[in-house]
Each structure stands twice: as structure tokens, then as C-alpha cells.
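Morning, everyone. Please have a look at the chain on the screen, and then I'll walk you through a few parts of it.

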Amino acid sequence: MLTNSTQAFLKKNTIVISGINVTNSGILSIMTDCLTELVAYSKDKDIRIIALVHSKSLFTIPNIEYIEFPKSKKSWFNRMYYEYFYFKKLSKELDANIWFSIQDLSPYVVSKKKFVYCHNPSPFYKPTLHDWLYGFRISFFAWFYKYAYRYNIQSNTAVFVQQQWIKNQFENWYHIPNIKVMHPETQIAVERTKVTLHPEKINLFYPSFPRMFKNMEYLCEAILLLPTDVREKINIYITISGNENSYAKKIVSNYQKHSQFQFIGALDRATVSGYYNEMDALVFPSKLETWGLPLTETKEYHKPIFVSDLPYAHETVGNYDKVCFIDLNNPNDLAQKIQLFAEEKLTYSTTYESKQPDFVGWKPLFDFIVNE
């Protein structure tokens with residue numbers, strides 16, 4: 001049986017990182033980086049780390065106690081049950097001083113300090129009829145997440161978002177004063193996989209999971225608008241296979257007959273880094289992001305970027321000398337700019353330095369949640 005002093009020690013120094021629905025895409029990278037950085041941060045600090053995960057097999061980070069929830073993704077009922085019923089009981093058993101939900105929802109838990117990281121951009125997307133037809137799930141969550149975020153959000157010690165414009169929107173929607181902006185640090189793999197691209201082509205790269213707001217059809221249509229002689233010089237590598245969902249299937253079906261489009265499927269982070277190193281430019285026509293990590297990563301390689309002329313992109317790109325903002329209402333705008341790029345005549349856009357965030361990277365955020 002634990003003594004009172006031991007119980008007090010555990011409560012003061014135990015941090016729970018909750019991400020039971022994290023299985024793939026960018027949020028898996030975020031949680032992996034969070035846990036990796038937290039282990040390094042906890043060295044010599046007597047911090048006990050407990051991670052609530054969908055599957056232990058997704059993580060190889062040592063010095064963490066993993067608790068699995070393999071049924072968490074079988075249905076939203078399961079997710080709601082864990083977040084709003086079971087976690088209250090579990091939080092009492094774990095006796096954690098800090099509970100950090102890294103995937104959007106604010107659970108009912110008993111903990112001195114509670115934090116939530118809101119990364120899903122769905123609430124800010126306004127789906128069209130086309131979106132509802134080809135991406136019903138995404139369109140539904142665009143509506144649903146605005147209200148899911150709201151539920152119990154006032155209970156948090158602080159709410160973390162990635163950009164100032166999201167903070168402004170949250171303040172308007174939820175009337176909460178405790179929102180902090182955290183810009184992620186670059187997550188380039190230290191060891192990158194060697195990638196060989198066509199040496200006589202202009203190799204463009206769009207790393208993204210196929211969701212409707214990723215706007216892949218805009219990019220494909222822009223490429224097809226290029227004059228034939230320019231189009232034949234282009235290879236565009238897109239990280240979908242067509243098997244992910246109905247949207248991906250539609251994109252691949254419509255454009256795979258054109259040799260310019262290389263549908264290469266999902267890549268691990270080391271291979272993505274290899275593409276950054278070898279590509280001629282990143283093309284990123286997404287309509288909506290909470291950050292847009294490929295933009296930050298591409299800047300590390302000092303490669304050109306074609307990106308949506310939207311607030312998220314301006315804030316992420318910041319002050320950068322090789323960016324070209326594109327009009328998402330006009331694919332011909334992107335086509336013209338790619339042609340100028342191919343002819344080495346492109347003039348890059350003017351950028352600005354965005355407002356400083358509360359934190360850059362995980363270490364200052366951990367200082368905040370431990371000492372707040």
C-alpha cells in the first residue's frame with residue numbers, strides 16, 4: 001500500500017498524455033514528437049510519463065508507461081465513452097497531477113491541471129455540395145467538431161492551438177481566455193531515405209493525406225492547363241494511392257492516365273525528407289490547415305513553395321524569400337506561376353513576419369504545463 005508521501009509524490013510528478021485515437025498521419029508524428037521530447041525533458045526531473053494510446057506498436061519510445069485502448073477507433077461511441085466516462089475513473093487511479101489530451105477533446109478527468117491540444121482544422125471548413133457527395137465523413141466532422149471542441153473546453157487550465165487566427169476564432173466561439181499558441185518545431189528526419197527523381201524533369205511534391213480540403217483536383221487541373229511542352233517537363237508526386245478513401249479513389253481515377261502525376265502512396269518521415277531534399281518545389285494548395293507542417297519543413301531545405309493565399313499559409317511561412325502564394329479560385333493562376341518557374345522567370349511573393357507565439361516547440365510548453 002502506498003504511503004501518503006508516496007501518493008503525493010506520484011500526484012505531483014505524473015503526466016498523462018492521452019491520444020487514444022492517434023494512429024496515423026500528422027497527429028501520429030505530433031504525438032511521437034511530444035512523447036520523445038517529454039522523455040528528454042523529464043530526465044533528472046523525476047517525472048512519471050503515462051501514455052494512453054490506441055496501440056503500443058505505434059511507439060518505440062522508452063521510459064513511458066503505455067496503456068492501450070484498441071477499441072477506441074471502432075466507433076465514436078467508444079471514443080465518447082472513454083473520454084467522458086471511463087477516463088474519470090482512470091484519472092483517479094493514475095492520480096496524475098497533469099492530464100494532457102493531445103487530440104482535440106476535453107475529457108472529464110480528476111487532475112489538478114488539464115490541457116488540450118486542438119489540431120483538427122475541420123470546424124473551420126465550409127463543405128460544398130460536392131464535398132458532401134464525395135467526402136461525407138469529412139463534411140460531417142466539419143460540422144460536428146465545432147461542437148465537439150466546445151464540450152467541457154472551459155475545464156482546461158490552458159488550450160493549445162497552432163496559429164493566432166485559430167486562437168482568435170476560438171475566443172470568438174467559446175469565450176475562453178486561456179488559449180496559447182504553439183508553433184511546432186521542424187520535424188525533419190535526421191537520417192533521410194535516399195530518393196532518386198527524374199534528373200531532366202521539374203519535380204514537384206505534394207505530401208498530404210487525401211481529405212477534401214487538401215484540394216488535390218485544383219493542383220491536377222492546374223498541371224493540365226500548362227502548355228504541352230511545359231507539362232511534359234513536369235513530374236508531380238502526390239502521396240496517395242487511391243485506396244485511402246473515396247476522394248483519393250476519385251483523384252487517382254481521374255488523373256492517373258496523365259504521365260505527369262505520380263501517385264506514390266503514404267510515405268514514412270525519412271522518405272518524405274528524401275523527397276524534400278530532391279524535389280524542385282513544394283506545391284501545397286490546401287484550403288485549410290491548423291499549421292501545414294510541410295511548409296515549415298520545406299523552408300529548412302530552402303526550396304521554393306507554391307501555397308494557398310490564405311491566413312494559415314501566411315502565418316506558417318512567415319518571412320521567407322522563396323514562396324509564391326496562389327489563388328485557389330483560379331487554377332490557371334497556379335499554372336501560369338509553374339510555367340514561369342519552369343522558365344526561371346518567377347517572381348516570389350512578399351511575405352511578413354507573423355506575431356510571435358507563446359511557445360515554439362515542446363520544451364517551453366512543458367515548462368508551462370509543469371510550472372503553471
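**A short tour**

Let's start with one residue. Glu289 is buried, with a relative accessible area of 8%. Buried means under 20% relative accessible area, exposed means over 50%, and partly exposed is in between, with a 1.4 Å probe and protein chains only. Which residue does Glu289 meet in a salt bridge? Lys214, with N to O at 2.5 Å. A salt bridge here is a side-chain nitrogen of Lys or Arg within 4 Å of a carboxyl oxygen of Asp or Glu. Lys214 counts as buried too, at 8% relative accessibility. The pair links distant parts of the chain, 75 residues apart. Lys214 is in the loop between β8 and α7 (216-224), and Glu289 is in the loop between β11 and α11. Those labels come from DSSP runs: helices are H or I with at least four residues, strands are E with at least two, and both are numbered from the N terminus.

Now, what are we looking at? It is a predicted model, where local features need pLDDT of at least 70 and side-chain atom pairs count only at pLDDT 80 or more, while totals for chains, interfaces and linings use all residues. Residues are numbered from 1 along each chain as its sequence is written, and side-chain values use heavy atoms, with hydrogens and water left out. pLDDT is the predictor's confidence in each residue, from 0 to 100. The chain has a mean pLDDT of 89, and 95% of its residues reach 70 or more. Residues 1-11 are below 50, and beyond near neighbours in sequence this stretch has nine contacts in the model. Contact means heavy atoms within 4.5 Å.

Side chains of opposite charge can pair when their charged atoms come close. Take Arg48 and Glu65, at 2.9 Å from N to O. They sit 17 residues apart, Arg48 in strand β2 (residues 48-53) and Glu65 in strand β3 (residues 65-68). Arg48 is partly exposed at 24%. Glu65 is partly exposed at 37%.

Next, Glu278 and Lys194. Their closest N and O atoms are 3.8 Å apart. This pair spans 84 residues, from the loop between β7 and β8, where Lys194 is, to helix α10 (residues 269-278), where Glu278 is. Buried or exposed, what is Lys194? Exposed, with a relative accessible area of 66%. Glu278 is partly exposed, at 30%.

**The sheet**

Strands of a sheet pair through backbone hydrogen bonds, either parallel or antiparallel. Here, six strands form an open sheet with parallel pairing. The order is β10-β9-β8-β11-β12-β13. Two strands count as paired if DSSP finds at least two bridges between them. Why is one side of β10 (261-263) and of β13 (323-326) left without a neighbour in the sheet? Because they stand at the edges, each with a single partner strand. From one strand to the next, the twist averages 25°.

Look at β8 (residues 202-206) and β11 (residues 281-284). They pair in the parallel sense over two bridges. Phe205 has Leu282 in β11 as its bridge partner. Helix α11 (residues 293-301) packs on the sheet, touching β11 and β12 (305-308), and its direction makes about 165° with that of β11. Axes are lines fitted to C-alpha atoms, for helices over the stretch in contact, and angles run from 0 to 180 degrees between N-to-C directions. Helix α13 (residues 331-342) lies across β8, β9 (234-238), β11, β12 and β13. α13 runs at about 155° to β13.

**Two buried residues**

Ile238 lies in strand β9. Its relative accessible area is 0%, so Ile238 is buried. Ile238 and Tyr117 are 121 residues apart along the chain, with C-alpha atoms separated by 28 Å.

His183 is in strand β7 (residues 179-183). His183 is buried as well, at 9%. Leaving aside neighbours within four places in sequence, His183 is in contact with residues including Gln162, Trp291 and Gly361.

Helix α2 (residues 25-42) has 18 residues. From first C-alpha to last, α2 reaches 26 Å, close to the 26 Å expected at 1.5 Å a residue. That expected span is 1.5 Å times one less than the number of residues. Among the buried residues of α2 are Ile27, Ile30 and Leu38. Asp44 follows α2, with a positive phi near 65°.
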